[in-house]
Amino acid sequence: MDEIGRGRKAFDFGSVRGVWRRLEGPEDVLALMDTGAEGLIAVIRDAGATFLAPIFEELAGVVCTGGTIRSHIGIISREFQVAGVIAAEIGDEPEDGTEVELDGTGPVAVIRLAGGG
């Protein structure tokens, strides 16, 4: 599988797969409330984001490109035990709908394309 990024783990988690989906704000979450967010890897910029609250329990994981593990999103990730990658540095960001894997088994979290080589 091809690595596309790394970041800090919100907590020690194993390996989870899900569908990559960039969420920019409450409008994006509202659009998912009818169809559901089961199995999504939500990708956000703001570590203080609270707009994920209505769907957080459904998510397979969350990737945040900002913040620290002490940020709101890190705390909520730990509370809900949803795999969280914080302060993620992503090389070539995949398209929405791409299957990815979050691997929290090492000292840092690794983000990989699930179908890669």
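Is R22 buried or exposed? In this predicted model, R22 has a relative accessibility of 14% and therefore counts as buried, where buried denotes under 20% relative accessible area, exposed over 50%, and partly exposed the range in between (1.4 Å probe, protein chains only). The model is a prediction in which local features need pLDDT of at least 70 and side-chain atom pairs count only at pLDDT 80 or more, whereas totals for chains, interfaces and linings use all residues. Residues are numbered from 1 along each chain as its sequence is written, and side-chain values use heavy atoms, with hydrogens and water left out.

Eight salt bridges were found in a search of the whole structure, a salt bridge being a side-chain nitrogen of Lys or Arg within 4 Å of a carboxyl oxygen of Asp or Glu. One of these joins E24 to R22, with an N to O distance of 3.9 Å. E24 is partly exposed, at 44% relative accessibility. The side chain of E24 also meets that of R45 in a salt bridge of 3.1 Å, N to O. Because R45 lies in the loop between β3 (40–44) and β4 (61–64) and E24 in the loop between β2 and α1 (26–35), this pair ties together parts that are 21 residues apart in sequence. Helices (H or I, at least four residues) and strands (E, at least two) are DSSP runs, numbered from the N terminus. A network of salt bridges links R22, E24, R45 and E93.

A further salt bridge is formed by the side chains of E99 and R17 (3.8 Å, N to O). This pair connects distant parts of the chain, with E99 in strand β6 (residues 99–103) and R17 in strand β2 (residues 15–22), 82 residues apart. E99 is partly exposed at 41% relative accessibility, and R17 is likewise partly exposed, with a relative accessible area of 44%.
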